[in-house]
Protein chains: 2
Amino acid sequence: MAAMRIVQKYGGTSVGSTELIRGVAGRVRKLYEEGHELVVVVSAMSGVTNRLLAQAAEISAQPAARELDSLLATGEQASAALLAMALAELEVPAISLLGHQLKISTDASYGRARIKSIDVSRIEEAFTQRQVVVAAGFQGVDAGQNITTLGRGGSDTTAVALAAALKADSCEILTDVRGVFTTDPRVCDDAVKLDRISYGEMLELASLGAKVLQIRSVEFASRYGVKVHVRSSFDEAEGTWVIAEEEDMEEILVSGVAFERDEAKVTVFGVPDTPGLAASTLGPVANAGIVIDVIVQNVSEEGRTDLTFTVPKKDLAATEEIVKGMLDDIGASGFSASPDVGKVSVVGLGMRNHAGVAVRMFEILAGEQINIQMITTSEIKISVVIDASEVDRAVKVLHREFIGGEQDGSIANTGR
Amino acid sequence: MAAMRIVQKYGGTSVGSTELIRGVAGRVRKLYEEGHELVVVVSAMSGVTNRLLAQAAEISAQPAARELDSLLATGEQASAALLAMALAELEVPAISLLGHQLKISTDASYGRARIKSIDVSRIEEAFTQRQVVVAAGFQGVDAGQNITTLGRGGSDTTAVALAAALKADSCEILTDVRGVFTTDPRVCDDAVKLDRISYGEMLELASLGAKVLQIRSVEFASRYGVKVHVRSSFDEAEGTWVIAEEEDMEEILVSGVAFERDEAKVTVFGVPDTPGLAASTLGPVANAGIVIDVIVQNVSEEGRTDLTFTVPKKDLAATEEIVKGMLDDIGASGFSASPDVGKVSVVGLGMRNHAGVAVRMFEILAGEQINIQMITTSEIKISVVIDASEVDRAVKVLHREFIGGEQDGSIANTGR
C-alpha cells in the first residue's frame, strides 16, 4: 500500500483506560510502520468529561462558560499526552498538540465554538521529522487565545477539520460500534451495517447517527469533501464510508430508519393568523435553550390557526410554563401538551425520484394500526410523529418493508 | 488600607476540594472588595498530581518528558478554572490564565524548567477591567510553545516570578502551615513560628523549608527583592515574612534547626590523591540522577585519602552498585556504606560574627553522647551527620540551647 496521509479519531470508550490507550498505540504503530503520515485525534477518557462537569456543578449551577471550556479541555489534553507517551514507549516518535499549539482558531462561542481556520505548519513539520501527531480533540482557541470547546462529540469535527486542512487521504472515526446501521440494532434485529452513505443521508439520520458521529462533523466533511470512515476500534473490519453522493446511490430507496423516543408535543390553539405568529410563539421557547424539533402549522380557519411543535420530553415542563405565559399576548385560545410522543423517519436519496415512498410509509403504518399525529418531509426524509409506545414497532415494520429483513441479520445483532 | 497589588498562591491542600475552592474564593473576594489588584496562583488539587503520575507510570516506566509535562499541567489548569468559576459565582469578575496565555517563557528543561521572562500585558489589561487573574501555577511554555513544568512546588516560583514581574506589593504563599518554624513542631514541642527570616537563612533551612516553600522560589525572591509572606490559608493570622536581610537580624544567633532523617553514608577508602579525584568518584553517582548532599574529604596520608559522602537512603543500593564498579578504575582500596545516618543543621545570620557557634554545637552534642560522623559548614550554617536514631534528640537539645524552650511553646504545638 502506498504511503498515505491519514487522520484517525479515537472516542472516549476507545481510550477509556491506560490499557486501552496502549492498545491504540499498538494499532497506530502498525500504520506508522507502513510509512503513513498520521494524525491521531483523541477524546477525553470515558467518564472524565462527566467528572469535570460534576466538579463544575459543585461550584456553580451555571459555571462561567469560558472557565468551563478551560476545565473541560484538560480531559483531551491528558489523553493526548498519555497516548503520545504510549507511542514513545513503542519507539514511535510522537508529539501531542493542543488546540493552541495546533492553532485551531474558532469563534468565541464557548461550549459550541466553530472552527474558523487551522494552521497545519506544525503538523507538516512533525511529518517531515516522521513524527506521529496526537491531537487533542474538542478544543480550539479564539482570537484572544482563550480556550474554546466544540460541543459534545466535537472531537469528530476536529478530526474532519484536520483531514480537510491536511488534504488527508482518509479520516477514520474509530469508535465502539462497527459503523452506521440502517437502524438501531438494539431495536430491530434486521438492522444491517451500511457500507457507504452520502453526507446528506447521514445528516438526515441525525437522531440515529448522532450516537456515532457529531452532526457538525458531517456538515464539515460534506463542505470539504472529506471521506469519513466510521469503524470499530476493537477490530480491523471495514465500517461505513460517509462520502459524497454517487450515481448509483439513488438506486436504494431508503437507506435508514431513524427514530427518537423521548419527545413531547405542544399545540397552541386558535392563534390569530398574522405574520410573525410562529416567531412570536416559538421564539421565547427557543430563547430558553429548548430545541424545537418538528413544527406543523395547520391551514387557518376564519383567521385563526393551530400551531403544533415537539420538544425534548425533559423540557416539556419549562415549555408549558413559557407557553402559558404568552397565551394572552398572542391572543391564543388555549394549549394542550402530550408528554409521550416519538418520531420515526425514513431517509434515502432514492426518494427524490420516487414520489410513492410517503404514501407507502403511511399505508404500512395504517396496516399496523399506528396513528400518525404529525408529518414533516424534506427532500430525502419523511418523518412522522406517533405515540411513543409505538415507536419500536413502527421502526421494525418500516425497516422490514423498505430495507428488508432476512439478509445479514446475524451481523446486525453483533453490531453493538 | 490603600489599594495594593497582591499575588497570592494557594497550595494543593488549600484547593483540595470544590468546597475548599469556594472558601478560597470567599477570601479572595474580601481582598477584591478592598480594592486591591489581585493575581491568585493555584496548585493542582491535592492528590491530582500523584494520580496523573500514576497514570503515566501505567503507560511507561520512563514517560516521555514533554508529554509528562503536558499531562501534569492539566492539574493546575483545572483548579484555576474552578477557582475562576467560584469567583464568578460570588460576582467577582475573574479570568483564569494558563502558562501559554500568561506567556511565562521558560527554557525547554521538561520537569524542571526555569522561567526566563513573563509578559504581564494580559494581566495589566485584566487589572484595567477590574478582573481578578487566576493563574495556573507550575507551568510555562518554551520557545516552541511546548508546555513545561517547573518541578514539585513550582507554583511557589510562579507566584514569586509574577510578583517580581508585576512589581507587586506583596506575595502571599497560603498553605496548610502557619509559617516557617524554628524547627519541625512534630519533632520539637518548643518550635516557634518565625515572624521574619532572611532569604539566605530560608535557603539554608532548605530541608525544613522545602516543605513550606520551593527553594527556587526563594532564590527568585532574593534576586528580585520580592517580599514573601508564608501564612495559613485556614485563618487570617500573620505568618512568616521572607525578606532581604535587615540590620537587626544578626542579633539572632540561630534562627532555625533543620534536619534530614533518611540519608545514607558511603566512604571510599585509600583513593590515590590526584587532581580530579572527587570528580571521577562522584561524577558517575551524580550522572545517575542521585543527589549527593554532604561531601567530606580527609587530608591525605601517604598520597592516599578517604572520600565520604551522603545520598538519600532510597538511592543507597544504586550508589553502592556504581561505587563497586569504579573501585579498580580509581585505584581505591575499598568502600563502606551505612544506611542509617541523618543530618542536623543550625542556621543563622548571627554566626558570621560569632565564631563560637560551631564549638558550642559540638559541645552540646557531646554532652548528649551523640557522636558526630561528618561536619560541613557554610557562612551561616553548620551541619553534622549523625546516627539517624539520634536526629530527633539532637534537634530538641540544639533547639533548646540555641533558640530557647519556654516561650510560645503552645503556639508551636498547633502549628500543623
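Me: How many helices and strands does the secondary structure of chain A come to?
Reply: Chain A has 14 helices and 18 strands. Helices (H or I, at least four residues) and strands (E, at least two) are DSSP runs, numbered from the N terminus. This is a predicted model: local features need pLDDT of at least 70, side-chain atom pairs count only at pLDDT 80 or more, and totals for chains, interfaces and linings use all residues. Residues are numbered from 1 along each chain as its sequence is written, and chains are lettered from A and ligands numbered from 1 in the order in which they are written.

Me: What is the radius of gyration of chain A?
Reply: The value, taken over C-alpha atoms, is set against the globule rule, 2.2 Å times the number of residues to the power 0.38. Chain A has 23 Å, close to the 22 Å that the rule gives for 416 residues, so chain A is as compact as a globular protein of that length. Its C-alpha trace spans about 75 × 50 × 35 Å along the principal axes.

Me: Which domains does the assignment give for chain A?
Reply: Domain bounds come from an automatic or database domain assignment. Here it gives domain 1 (5-176) and domain 2 (257-407). The C-alpha centres of these two domains of chain A lie 37 Å apart.

Me: How are two copies of a chain related?
Reply: By a rotation about an axis and a shift along it. Superposition is by least squares on the C-alpha atoms of residues with pLDDT of at least 70 in both copies. Here, a rotation of 180° with 0.1 Å of shift along its axis superposes chain A on chain B, with RMSD 0.1 Å. That is the relation of a two-fold axis. Of the residues of chain A, A:Thr74 comes closest to the axis, at 2.6 Å (C-alpha).

Me: Which element gives the most to the side of chain A that touches chain B?
Reply: Contact means C-beta atoms, placed from the backbone, within 7 Å. By that test, 27 residues of chain A are in contact with 27 residues of chain B. H3(A) gives the most, with 13 residues. By class, this side of chain A has 13 nonpolar, 10 polar and four charged residues. Ala, Val, Leu, Ile, Met, Phe, Trp, Tyr, Cys and Pro count as nonpolar, Asp, Glu, Lys and Arg as charged, and the others, Gly among them, as polar.

Me: Where does pLDDT stay under 50 in chain A?
Reply: pLDDT is the predictor's confidence in each residue, from 0 to 100. It stays under 50 over residues 406-416 of chain A. Chain A averages 90, and 96% of the residues score at least 70. The model scores ipTM 0.82 and pTM 0.84.

Terms used: Two residues are in contact if their C-beta atoms, placed from the backbone, lie within 7 Å.
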